[in-house]
Amino acid sequence: MTSKSSFLVSMKENSKRRLWVWIVSALAFMLAFPALTALTINGIVRGSKWVAESYGSTIAEEIIHERLVGSMFSMMGMNTGMLFLTSALAVISAIQGFSYLYSRKKIDFYMGMPVKRKKRFLVIWLNGILLYMIPYFAGLAISLLIAAGNGAVNQSVFVSAAAAMLANSLLYLGVYHMAILAVMLTGNIVITGFAFLTFCVYEFLIRMVSEGYKQMFFRYFSYFGSDKAPILSPFTMYINLASRFSYANRLDAKYLIGMLVFAAVVGVLSYICYLKRPAEAAGRAMTFEITKPFVKVLLVVPAALFMGGVIADILSFDPEMSMDGIGWMIFAMAFAVLLGSGLIQVIYEFDIKGCLHKISHMVISAVAVALIFIAFRYDLFGYDSYIPNHNQIKSIAFVPDYYEEGYGGAHFDDSGTFISSYEYARRNMQLHNVEEICEMAERSMKAFD
């Protein structure tokens, strides 16, 4: 009983320190649900007079009911507005909850209190979840009551609202843990912001650079089947989940499990970093010294390759036609390595002289950029010359260039889920004389060479 009582007291005390976040969350959901619900219903009902005059009262009633239900289905379901609101509240809650780690005085104060470190983390973490879930549930419940009172609720609206609450909660958990991890790895709020943005865009940048260089140097590269969207991202999984739900009216377990696993893994990493975080890291750019060189190289290398790709695009560089412009591309990558390495070191040390330090990190980044560039430039892994053994192929799908762009039809699989034109071709446009097709491909490649 004493332990439970002590935990509840800690929760109440922490809630008092986070009162403004509670207010922001409550106001956000009052505007996002009840206020918007009332305004939407009022707007539709006000237009009922014109509908009645045009179609008659009986038909108008059916039309208005259909509009009300449709608007509630969309508004209370998964949508872009909830994605941004959920993400914003998750970042605010995470940074505000653990912001005491930025100040050595506050750390000394908390460390002097008779509260275990694990318990303090649990209190802050749990409060951060409750300040999202409680206002969300309250705002949604009030909205459903308002909508039901105006005849704008049916089973589909309840299903949409329940599915959205589950998906939004998992999205919140994933983004919340990403922001907490950013706090644990950094020592001040500005660098935390940059770290969180890096988590959000890093995989996208890697994929964009990879596909850009394949398109530039590989003759037989095709965008069909490739995707720049990050796989390890709660945002991508949420968007895919919402897309599948809008077509099939059911939640895809694959994305739900993916979001849950992502949130769990990042949450565990955050907790481990919290336990290992030294108190003297407050105010530093990075919490752990061992991560500094890895972070620098992992940021500089793709940034330099990206800069090279940008310059190549500006110059309309096409290796198939001419190698003119490759010098500018190499110069841009070298300059990006120098600038990026120096700038990051300045941020690490909070001293302009830092740009002249850790030259070894700069050399490692330059070597990595050069090796990756050479691998693409000279196709060291044989991308353009690769033809699979026909014994390993069951069937071949023939998809002409620009098939996806030229055909605007929509395709659905047997379960009613929307699939792209490329996916439709991959599943259905199958050729089984694979040996002859592989031979034809080999001959055409040799002739083209």
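Me: In which helix is the place of Phe 331?

Reply: The model is predicted. Phe 331 belongs to a nonpolar surface patch that also includes Trp 328 and Phe 335. The helices giving two or more residues to this patch are H12 (291–314) and H13 (326–349). Of these, the one that holds Phe 331 is helix H13.

Me: What accessible area do the residues of the nonpolar patch have together?

Reply: The patch is formed by Phe 306, Met 307, Val 310, Ile 314, Leu 315, Trp 328, Phe 331, Phe 335 and Leu 339. Helix H12 and helix H13 each give two or more residues to the patch. Together the patch residues have an accessible area of about 910 Å².

Me: Which residue has the backbone nitrogen that the side chain of Glu 203 reaches?

Reply: Glu 203 sits in helix H9, which covers residues 189–217. Beyond its neighbours within four places in sequence, Glu 203 is in contact with Pro 230, Ile 231 and Leu 232. The backbone nitrogen reached by the Glu 203 side chain, at 3.0 Å, is that of Leu 232.

Me: How many residues apart in sequence are the parts that Arg 219 and Glu 320 tie together?

Reply: The structure holds seven salt bridges, and one of them joins the side chains of Arg 219 and Glu 320 at 3.3 Å, N to O. Arg 219 lies in the loop between H9 and helix H10 (234–248), and Glu 320 in the loop between H12 and H13, so the pair ties together parts whose separation in sequence is 101 residues.

Me: Is Lys 292 buried or exposed?

Reply: Lys 292 meets Glu 289 in a salt bridge, with an N to O distance of 3.1 Å. Glu 289 is partly exposed at 48% relative accessible area. The cut-off for buried is under 20%. Lys 292 has 14% relative accessibility, so Lys 292 counts as buried.

Me: What is the relative accessible area of Lys 16?

Reply: Glu 13 and Lys 16 both lie in helix H1 (residues 2–17), three residues apart, which is about one turn of the helix. Their side chains meet in a salt bridge at 3.7 Å, N to O. Glu 13 is partly exposed at 34%, whereas Lys 16 is exposed, with a relative accessible area of 60%.

Me: Which residue caps the N-terminal end of H5?

Reply: Helix H5 (residues 80–97) has 18 residues and spans 26 Å from first to last C-alpha, close to the 26 Å expected at 1.5 Å a residue. H5 is mostly covered, with 13 of its 18 residues buried. At its N-terminal end, a side-chain oxygen lies 3.2 Å from the backbone nitrogen of Gly 81, and the capping residue that provides this oxygen is Asn 79.

Me: What is the phi of Ser 316?

Reply: Ser 316 lies in the loop between H12 and H13. With 60% relative accessibility, Ser 316 counts as exposed. Although Ser 316 is not a glycine, its phi is positive, at about 55°.

Me: What is the relative accessibility of Asp 379?

Reply: Asp 379 is placed in the loop between helix H14 (359–377) and strand E1 (396–397). Its phi is near 50°, a positive value in a residue other than glycine. Asp 379 counts as buried, and its relative accessibility is 18%.

Definitions and conventions. Residues are numbered from 1 along each chain as its sequence is written. This is a predicted model: local features need pLDDT of at least 70, side-chain atom pairs count only at pLDDT 80 or more; totals for chains, interfaces and linings use all residues. Side-chain values use heavy atoms; hydrogens and water are left out. Patches are made of residues with over 30% relative accessible area and no salt bridge: like charges are joined within 9 Å, nonpolar side chains (Val, Leu, Ile, Met, Phe, Trp, Tyr) within 5 Å. Accessible areas come from the Shrake-Rupley method with a 1.4 Å probe; for residues, only the protein chains shown count as cover. A salt bridge is a side-chain nitrogen of Lys or Arg within 4 Å of a carboxyl oxygen of Asp or Glu. Helices (H or I, at least four residues) and strands (E, at least two) are DSSP runs, numbered from the N terminus. A polar contact is a pair of N or O atoms within 3.5 Å; within protein, one must be able to donate a hydrogen and the other to accept it, and residues adjacent in sequence count only if both atoms are side-chain atoms. Contact means heavy atoms within 4.5 Å. Buried means under 20% relative accessible area, exposed over 50%, partly exposed in between (1.4 Å probe, protein chains only). The expected span of a helix is 1.5 Å times one less than its number of residues.
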